[in-house]
Amino acid sequence: MDRGMHEVGVMTSILEAVLEELKNHKVQKVEEVRLTIGDLTYLGEDQLSFAFEILTRGTILEGSTLVVEHEEVEVRCPTCGYDGRAEYYQDEMYSSNVPTLNCPRCGSRVDVVKGKSCTVRSIKVVEEDVPA
Ligand SMILES: [Zn+2]
């Protein structure tokens, strides 16, 4: 089983974007990278942290902290007009809350408004001292 491969791929593209962004700054050290992960991406936090640690080795990001924030799923129901938080159920196998795409009010299939994104929220860096 290669559980975690998905996270490695996602983290690779995230880090490419972060490193690209850092090129525009004189960065001495990166302290923290903060991500927002929608619950519908089904990305594992442990797998992401692991991928982050491996993939940042030898880069300016080595030794920085990865902070993962979860974005709750919000849905809209075309049938009854429900608008709000998706229904979650407890997945016993992974002991986590998993969103369902059935309307909490009428049970119809809903449209997802929020919860699919995977974005870099912020990067905390120590900039190089620029001589005055
Ligand atoms: Zn509904």
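Student: What makes Glu72 partly exposed?

Tutor: Its relative accessibility is 40%. Buried means under 20% relative accessible area, exposed over 50%, and partly exposed in between (1.4 Å probe, protein chains only), so 40% puts Glu72 in the partly exposed class. Before we go on, this is a predicted model, where local features need pLDDT of at least 70 and side-chain atom pairs count only at pLDDT 80 or more, while totals for chains, interfaces and linings use all residues. Residues are numbered from 1 along each chain as its sequence is written, and side-chain values use heavy atoms, with hydrogens and water left out.

Student: Why is the pair Glu72 and Arg85 called a salt bridge?

Tutor: The rule asks for a side-chain nitrogen of Lys or Arg within 4 Å of a carboxyl oxygen of Asp or Glu. For Glu72 and Arg85 the closest N and O atoms are 3.0 Å apart, so the pair meets the rule. Glu72 sits in the loop between strand 2 (65–71) and strand 3, and Arg85 in strand 4, 13 residues apart. Arg85 is partly exposed too, with a relative accessible area of 41%. Helices (H or I, at least four residues) and strands (E, at least two) are DSSP runs, numbered from the N terminus.

Student: How many salt bridges does that rule give?

Tutor: The count comes to eight. One of them joins Glu53 to Arg57, with the closest N and O atoms 3.5 Å apart. Glu53 has a relative accessible area of 47%, so it's partly exposed.

Student: What makes Glu32 and Lys124 a pair that ties together separate parts?

Tutor: First, they form a salt bridge, the closest N and O atoms being 3.8 Å apart. Glu32 lies in strand 1 (residues 27–38) and Lys124 in strand 8 (residues 118–127), so the bridge ties together parts that are 92 residues apart in sequence. Glu32 counts as buried at 14%, whereas Lys124 is partly exposed at 43%. Both belong to a network of salt bridges that also includes Arg34 and Glu69.

Student: How do you know that the length of helix 1 agrees with what it should span?

Tutor: The expected span is 1.5 Å times one less than the number of residues. Helix 1 (residues 5–22) has 18 residues, so it should span 26 Å, and its end C-alpha atoms are 26 Å apart, which agrees.

Student: Which residues of helix 1 are buried, and why are they said to be on the same side?

Tutor: Glu7, Val10, Met11, Ile14, Leu15, Val18 and Leu22 are buried. They cover an arc of only 135 degrees around the axis, so they're on the same side of helix 1. That arc is taken from the directions from the helix axis to the C-beta atoms. The face turned away from the buried side carries the exposed residues Met5 and Glu16. What covers the buried residues includes strand 1, helix 2 (45–56), strand 2 and strand 8, where contact means heavy atoms within 4.5 Å.

Student: Is Phe50 buried or exposed?

Tutor: At 56% relative accessibility, Phe50 counts as exposed. Phe50 lies in helix 2, and its C-alpha atom is separated from that of Glu7 by 8.9 Å.

Student: What makes strand 4 and strand 7 edge strands?

Tutor: The open sheet has three strands in the order 4-3-7, with antiparallel pairing. Strand 4 (83–85) and strand 7 (111–114) each pair on one side only. Two strands pair if DSSP finds at least two bridges between them, and three bridges join strand 3 (residues 74–76) to strand 7.
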